[in-house]
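Keep the structure open while reading.

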Amino acid sequence: MGWRVAIDPAPKRSVVEVYPKSRRKTNQLLIMASRVSLKTKGKGGKGSKGSDEKSAAQCLKEWSTWAMKKAKVVTHYGFIPLVIIIGMNSEPKPQLYQLLSPV
Amino acid sequence: MAGLVPPGATAVPADVSHTAHTKHDEKTDYMNLPCPIPYEELHREALMSLKPETFEGLRFDFTKGLNQKFSLSHSVSMGPTEIPSQSAETIKIPTANYEFGANFIDPNLMLIGRVLTDGRLNARVKWDLTDNLTVKANAQLTNEPHMSHGMFNFDYKGKDFRSQFQMGNGALFGASYIQSVTPHLSLGGEVFWAGQHRKSGIGYAARYETDKMVGTGQVANTGIVALSYVQKVSDKVSLASDFMYNYLSRDATASVGYDYILRQCRLRGKIDSNGCTTSYLEERLNMGLNFILSAEIDHMKKDYKFGFGLTVG
């Protein structure tokens, strides 16, 4: 394709440097880079503001996601046993062997 | 009342009271309208007749009741299952499933749970908190991440209206309201908002029913127009027809079907404008033993599905 790629080994940020062999490809690369830098500038600006205030809303969202995950696991494993326990304790009480026998 | 009035004493008052009574029958009392059916069951009669649960392959259901309220169900099904494919051909893979279910049905509380061999759980809960307020929950849980769904409904039933609020996973919110306007006509509407797909919608519905027929119509801003008409020809026979039109994608489907409820069997059949005919027979062989035959023939896609099964209990 005509590109040479070098990866900067610096730990903080990983930069992919591309050396195009033709002028047209250089122009394309510059246009893409300007677009990407504008996008990252915007995101960087927002990110720095958000990380300062880890707000109550974010905490609440994390907790509610954790709670929903736990609730899903509990429901998945516990719903059928719950129905069986409620059923075995309803009047008239059925016997335990009736749970397993096919009659 | 005629016995209280001595015969021949005054014939005129008896006549007047009789005509006043019939006049009262004809004049509708708008303060005493019947409660309408729930919004999601608007097309109930048409769905029952036109969309039976057809299946392909073998199906065996065994329901064992342990007492009046509690029962366990075992269900085996073997047959080709369709998997969604990108091409026009339908791809079917033979699968065999065993499903265990537990049901607890009380006047106030209903719990139904079904679990398959691959770990999928299907749970339904309906809890009547008071005479008018009901909480319903519905969940399909799987072991795969992000494939589980859950929905909570809160229903309030008034004297001649019903309202419902729904919350589901993926930030799905919905509300619906249906009101009886005359003894035969009820009108309703619904709104929903799906956060995950950033979609919202609003819809309106109307239902007109008498002893002999039910006509319903539903319009939504997602482009769906659904009309249905069911005529109860006699105790045993009812005929239904259905028309679904999507005005955004210009897609229309019409179907016509019949429903025969006879002493020993129930036969339902329909034919579609997509070239699909369906038939579903439930035959009662003995008390608690039902034999089921299902057929769905799609002439356009050349997809033929035949199934047979037995239901015990």
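## The contact between the chains

How many residues does the contact take from chain A and from chain B? Chain A gives 19 residues and chain B gives 24 residues. The model is predicted.

Together, chain A and chain B bury about 1800 Å² between them. Carbon and sulfur atoms account for 75% of that area. On the chain A side, three residues stand out: A:H76, A:F79 and A:I80. They supply 32% of the area that chain A buries against chain B, more than any other three residues.

## Polar links and helices

Which polar links cross the interface? The rule finds 6 residue pairs in polar contact between chain A and chain B, with both residues at pLDDT 80 or more. For salt bridges across this interface, the count is 0.

Two helices of chain A, α2 (56–88) and α3 (97–100), each supply at least two residues of the side that touches chain B. Of the elements on that side, α2(A) gives the most, with 10 residues.

## A nonpolar patch on chain B

Chain B carries a nonpolar surface patch of about 470 Å². Its members are B:F152, B:F154, B:F165, B:F173 and B:W193.

Take B:W193 as one of them. B:W193 sits in strand β10 of chain B, which covers residues 185–194. Why does B:W193 count as partly exposed? Its relative accessible area is 40%.

Definitions and conventions
Residues numbered from 1 in each chain as written. Chains lettered and ligands numbered in written order. Predicted model: local features only at pLDDT ≥ 70, side-chain atom pairs only at ≥ 80, totals over all residues. Heavy atoms only, no water. Patch = residues over 30% accessible without salt bridge, like charges linked within 9 Å, V, L, I, M, F, W, Y side chains within 5 Å. Areas by Shrake-Rupley, 256 points an atom, 1.4 Å probe, with all protein chains shown as cover. Salt bridge = Lys/Arg side-chain N within 4 Å of Asp/Glu carboxyl O. Helix = DSSP H or I, 4+ residues; strand = E, 2+ residues; numbered from the N terminus. Buried < 20%, exposed > 50% of the residue type's maximum accessible area, 1.4 Å probe, protein only. Contact = heavy atoms within 4.5 Å. Buried area = accessible area lost by both parts, 1.4 Å probe. Polar contact = N/O pair within 3.5 Å; in protein donor to acceptor, adjacent residues only side chain to side chain.
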